Amino acid sequence: MPTAFSRILFSLLLLLPMAAQAGDANDFAAANPAKQASLLQQWSANPDSARLALLEALQQGRVAADSSKQAFIEHDGSYRAVEGDAAPTGQTRKLRLNNRMRGLISTAMASHQLLSDDPALRLAAAQELQKRAKPAQLALLEASVAREADDAVRDALTLALANLQLVDSDPTVRLAAVRLLGETGEPLARTRLETLLDPDVESDPSVRTAAETSLAQVKRKLLVGELLGQAFSGLSLGSILLLAALGLAITFGLLGVINMAHGEMLMLGAYSTYMVQVLFQRFAPEALALYPLVALPVAFFVTAAIGMALERTVIRHLYGRPLETLLATWGISLILIQLVRVMFGAQNVEVANPYWLSGGIQVLPNLVLPYNRIVIIGFALFVVLLTWLLLNKTRLGLNVRAVTQNRNMAACCGVPTGRVDMLAFGLGSGIAGLGGVALSQIGNVGPDLGQSYIIDSFLVVVLGGVGQLAGSVMAAFGLGIANKILEPQIGAVLGKILILALIILFIQKRPQGLFALKGRVID
Amino acid sequence: MQRRNLIKALTLSASIAAMGMTWTVQAAETIKVGILHSLSGTMAISETSLKDMALMTIDEINAKGGVNGKQLEAVVVDPASNWPLFAEKGRQLLTQDKVDVVFGCWTSVSRKSVLPVFEELNGLLFYPVQYEGEEMSPNVFYTGAAPNQQAIPAVEYLMSEDGGAAKRYFLLGTDYVYPRTTNKILRSFLVSKGVAEKDIEEVYTPFGHSDYQTIVANIKKFSAGGKTAVISTVNGDSNVPFYKELANQGIEATDIPVVAFSVGEEELRGIDTKPLVGQLAAWNYFQSVENPVNTEFVNKWKAYAKAKNLPGADKAVTNDPMEATYVGINMWAQAVEKAGSTDVDKVRDALAGQTFAAPSGYTLTMDKTNHHLHKPVMIGEVQEDGQFEVVWQTEGPLRAQPWSPYIEGNDKKPDYAVKSN
Amino acid sequence: MTMPLNQTLLARASAKLGPQASISIGLLVLLVLLAMPVLHLLPADNALHISAYSLTLVGKILCYCIVALALDLVWGYAGLLSLGHGLFFALGGYAMGMYLMREAAGDGLPAFMSFLAWTELPWYWTGTDNFLWALCLVVLAPGLLALVFGYFAFNSRIKGVYFSIMTQALTFAGMLLFFRNETGFGGNNGFTNFKTILGFDITATHTRAVLFLATVLLLVASLYLGWRLARSKFGRVLTALRDAENRLMFCGYDPRGYKLFIWVLSAVLCGLAGALYVPQVGIINPSEMSPTNSIEAAVWVALGGRGTLIGPLLGAGLVNGMKSWFTVAFPEYWLFALGFLFIVVTLFLPKGVIGLLRKKGEQ
């Protein structure tokens with residue numbers, strides 16, 4: 001409830017001539033950190049649109065001071081005075097900001113944006129103030145609510161105001177604020193309401209009961225968000241496991257090669273992504289954001305070619321001796337790791353998310369779904385579909401299945417088994433390469449990248465049932481979700497150990513995995 | 001037929017006997033210096049640059065005429081990130097190559113592995129990395145930070161008005177000894193400063209953990225209870241997925257600052273730094289520190305990397321353990337000059353109180369008794385170019401407390417180096 | 001007693017090489033090995049003195065030889081490729097390490113425990129200050145684990161690749177478990193800084209010599225055991241099991257008991273090797289359980305020649321000897337050499353080095 005006094009004060013502030021703020025930038029530049037902080041706090045309580053440019057520049061770290069403590073703003077490398085057109089004297093130094101200062105600047109910025117004509121900006125500012133508003137801004141918020149024409153913005157502002165009104169002297173105001181907070185799903189609201197349950201803090205029993213009801217409401221909403229978040233992270237982990245394991249489901253599951261170099265195919269896929277990124281940076285910086293899309297085919301073909309070369313030179317001599325493929329491919333993996341280490345250095349290389357894979361979408365107040373994870377879930381399903389189509393709807397797939405089921409019979413029927421082996425191994429490696437592109441978007445890219453996924457990949461394939469694509473999909477998502485259910489209960493380390501123990505037990509029960517091949521084949 | 005078999009038999013036995021032999025050629029009138037850093041395996045990422053830094057420092061000392069008129073000769077071995085191999089190679093350096101001093105090790109476990117060998121043979125080891133303390137051997141000089149020279153000042157900063165006046169602390173680490181010990185010290189430090197137990201959360205992940213979704217969600221949930229700071233002792237490779245997840249879930253340094261104890265310039269080379277800007281790290285040295293000694297140091301390193309064609313030489317950076325290596329070798333050389341001999345006992349005595357103008361901008365002193373350097377502590381903020389900007393530093397170098405007073409029973413430990421019992 | 005046995009053994013194992021040649025090789029190797037600890041006792045300035053460095057290095061390789069032999073018993077003879085033998089090796093090592101830590105700590109708690117602010121030993125440390133009980137643990141810990149795991153696995157007829165992957169998962173889980181400080185085994189630092197064994201200074205030349213001798217004897221004993229097994233009916237059943245399990249079953253044999261016995265025996269041998277390894281290298285920690293180490297052990301066996309008794313020893317000796325040399329001489333290229341070695345061996349030497357030697361002998 002805005003008081004008359006604050007309204008008058010606020011309109012007076014709006015009417016103040018610009019000149020009154022002329023010294024702001026220079027005051028700020030000359031002040032010590034403590035003074036700067038109090039200046040920012042004053043500004044957030046009394047916004048003035050003339051200060052917007054200065055705050056924006058501060059937020060972007062473009063404000064500098066010269067030796068006479070005059071403030072300048074950097075524009076593309078040159079410094080311009082905030083007021084007047086004086087040139088900097090002596091050496092200019094950028095103002096040093098720390099996180100506390102940045103937080104205060106954001107708050108001040110939000111207060112100033114409330115004056116904006118753009119409802120979207122005002123809404124964002126109101127949401128920012130829900131998190132950050134300080135008691136000093138009470139009057140400002142009251143005035144803004146009264147003034148606001150846009151419904152959405154007014155609701156957001158009312159909520160921001162309610163946070164401050166929890167300590168209002170008037171119990172009815174407090175009651176209304178408590179009720180309002182109950183309708184949100186904000187994690188912060190929970191803590192704020194919890195403090196009100198204490199009779200020492202909140203003296204009015206009716207407000208305390210209301211706080212209790214509101215708290216239950218908030219908790220319910222938070223629980224929904226938490227559960228959804230857990231489900232999503234399980235799916236996301238599952239999709240990553242799936243991408244890591246899918247190539248192996250072909251080279252190991254169908255061809256029977258214990259491919260210890262599978263992890264290195266993932267790694268090479270990730271390094272291909274890195275190379276594509278570097279080429280884009282050098283030759284097409286304006287299209288940099290598209291590099292992951294280009295990296296997909298590149299990684300696929302690079303790893304498929306390497307896979308086919310390996311198949312022709314090494315692995316084809318080892319069919320029918322599965323345990324020996326383990327040793328040979330282990331050797332290959334050592335060579336590939338060291339090769340990458342010599343070529344690119346032992347350090348990780350930097351693969352940056354393009355803007356469309358950075359950040360996330362705020363679904364609920366306590367649930368953000370990162371874009372890169374959403375895209376990867378979709379991508380994993382796409383790759384599964386692609387693999388399924390290739391294996392079940394193409395001639396190559398038919399041949400692959402024929403060769404894996406009965407090599408001699410297939411050869412008798414005229415299937416070129418050698419060629420099919422090569423293509424199938426290439427396909428498996430290529431898919432691992434695609435997995436590598438996805439992995440490069442969530443983790444680090446270094447020579448040892450593959451090593452950290454190889455055990456998980458084998459477990460996924462074995463758990464799903466060797467040779468069963470659907471089994472691998474189920475196993476990957478099952479493991480992902482089980483992991484994410486266990487992790488909050490017993491921690492990441494014990495969770496991982498428990499999962500491994502469970503897999504070992506499960507395989508005892510069903511030695512052929514989730515989806516066993518039906519039949520009575522015996523050696 | 002017969003003869004050929006006999007020859008085979010002889011070759012075999014000869015090859016077994018040869019395993020014990022050494023291949024280094026004895027050069028006249030040099031002082032041998034051992035370098036014991038992993039050049040392959042998982043730790044190669046971090047340790048390779050320390051080996052190169054050690055070689056550069058040795059070259060530099062040789063160019064100035066060596067020590068006591070003798071040139072230094074580096075003996076480099078590769079313990080391949082394999083802990084028992086550290087002990088074996090340490091013994092090889094001391095007994096076969098007969099080096100006078102060894103610079104090496106990164107992980108605590110590798111130091112623990114070689115320690116009995118150095119104590120048995122009365123060798124001298126310079127250890128350049130920040131660690132958990134709880135050790136003070138007469139045969140080791142520790143040029144990295146003890147917990148009170150890194151972790152505790154960092155937390156004091158987070159508690160201060162400038163650091164955001166955090167009320168709640170989320171201690172996140174990889175599950176091994178250094179994070180566990182550091183967090184134990186920090187927990188009892190925080191409690192002594194009046195932070196309630198419910199405001200401290202400790203979470204650990206397995207080695208190589210790459211899925212931080214649940215943990216980041218927990219951090220968010222935890223932070224709803226008050227101003228929160230995350231103290232990260234997450235190890236090496238897990239940092240990239242951790243920071244990416246933080247950024248993608250919309251957590252900014254202004255809301256929840258993360259201060260890391262194992263992320264430095266070298267680690268940032270492999271990370272896209274945009275999402276990290278504003279996050280913090282605590283060290284005793286940053287490449288961005290401005291003073292003439294450091295400028296010269298950084299330039300020398302860049303020139304060396306280019307001249308030796310090291311991988312990624314165009315982006316060569318210096319970091320805290322590299323500075324510690326540099327300081328360690330120089331201090332040792334000064335001590336040898338002072339002692340007039342490379343005898344371990346004489347050098348040890350000469351090292352007490354030795355000073356050196358370090359790139360950090362301070363004149364560092366080797367403590368008279370506890371074998372640790374007095375070091376300044378700096379908090380740096382990650383910048384977009386992969387460097388740190390110092391936002392806070394201690395007034396001067398701090399004396400190390402390897403036996404942290406925040407751990408029970410340590411008050412009974414002597415404040416001078418004794419052989420481990 | 002051991003010498004003539006060993007002699008015949010070597011002669012049998014590489015019979016094709018010509019009996020005299022094998023005798024000369026076997027004798028020579030054994031003589032060198034037995035002489036090493038004695039030469040170590042000589043004063044350091046003696047020309048024939050063997051340094052502690054060489055002695056521990058060879059001692060370490062001999063421990064690996066025992067692991068290779070144990071792995072060969074299950075892989076080469078029974079066809080069960082284990083990628084988790086590092087776990088059994090480490091368990092034996094930890095059991096011995098517990099004893100050594102208690103010795104070093106005297107009446108108090110081991111240093112890492114007092115640091116964890118634990119005031120008493122966890123139950124599984126009970127009695128570890130007694131050397132005999134520690135020895136029992138060296139056998140029991142890997143043995144019981146192998147028994148339980150093997151019982152279930154063989155009952156469910158898990159074999160081939162599945163078995164390998166399961167054992168790999170087992171050792172990986174073990175590694176994660178031992179990494180934790182709370183498990184009570186010193187976290188990733190493991191156990192180091194041992195002082196005495198049975199009251200003798202662990203760094204004394206005599207102690208070293210005795211430990212080395214014990215390793216040689218264990219190796220010879222395992223060889224003898226392996227040789228007896230391989231020649232017995234039991235060994236033939238195992239080989240049949242490897243080559244055609246179903247046919248064996250149709251003949252009325254129940255393979256489970258055979259598999260279980262050789263599996264547990266192999267695990268116990270590994271545990272013993274680990275127990276001798278720890279006091280010689282002076283450290284045990286969870287990295288011994290990393291899946292990579294176990295794969296490497298399989299490589300020793302394959303390189304030397306599986307299904308023979310001498311092959312694995314050759315393989316372990318060759319790879320580790322090369323490793324010690326290459327990592328000093330060409331650290332950058334060591335992994336290339338190792339990788340190419342694996343490929344070449346699997347492609348061109350399916351029977352390993354021993355197969356090559358035999359073929360040469362036949363010509």
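Me: Which residues does A68(C) touch, not counting residues up to four places away in sequence?
Reply: The model is a predicted one. In it, A68(C) and V67(C) touch the most other members of the largest nonpolar core. Leaving out residues up to four places away in sequence, the partners of A68(C) are A297(C), W300(C), V301(C), G304(C), P312(C), L313(C), G315(C) and A316(C).

Me: Are helix 6 of chain C and helix 11 of chain C roughly parallel or roughly antiparallel?
Reply: Helix 6 (residues 131-155) and helix 11 (residues 255-281) of chain C pack with their axes 8 Å apart, at an angle of about 150°. Angles over 145 degrees count as roughly antiparallel. Helix 6 of chain C is therefore, relative to helix 11 of chain C, roughly antiparallel.

Me: What is the handedness of the crossing of these two helices?
Reply: The contact includes A141(C), G143(C) and L147(C) from helix 6 of chain C, and W263(C), A267(C) and G271(C) from helix 11 of chain C. The crossing of helix 6 and helix 11 of chain C is right-handed.

Me: Where in chain B is confidence lowest?
Reply: Chain B has a mean pLDDT of 88, and strand 4 (residues 125-127) of chain B has the highest confidence there, at 97. Over residues 6-27 of chain B, however, pLDDT stays under 50. Where pLDDT is low, predicted coordinates should not be read in detail. The lowest confidence in chain B, a mean of 46, belongs to helix 1 (residues 2-18).

Methods
Residues are numbered from 1 along each chain as its sequence is written. Chains are lettered from A and ligands numbered from 1 in the order in which they are written. This is a predicted model: local features need pLDDT of at least 70, side-chain atom pairs count only at pLDDT 80 or more; totals for chains, interfaces and linings use all residues. A nonpolar core is a set of buried Ala, Val, Leu, Ile, Met, Phe, Trp, Tyr and Cys residues joined through C-beta atoms within 7 Å. A residue is buried if 20 or more other C-beta atoms lie within 10 Å of its own, exposed if 12 or fewer, and partly exposed in between; C-beta atoms are placed from the backbone. Two residues are in contact if their C-beta atoms, placed from the backbone, lie within 7 Å. pLDDT is the predictor's confidence in each residue, from 0 to 100. Helices (H or I, at least four residues) and strands (E, at least two) are DSSP runs, numbered from the N terminus. Axes are lines fitted to C-alpha atoms, for helices over the stretch in contact, and angles run from 0 to 180 degrees between N-to-C directions. Angles under 35 degrees count as roughly parallel, over 145 as roughly antiparallel, 65 to 115 as roughly perpendicular and the rest as oblique. A crossing is left-handed if the near helix is turned anticlockwise from the far one by less than a right angle, and right-handed if clockwise.
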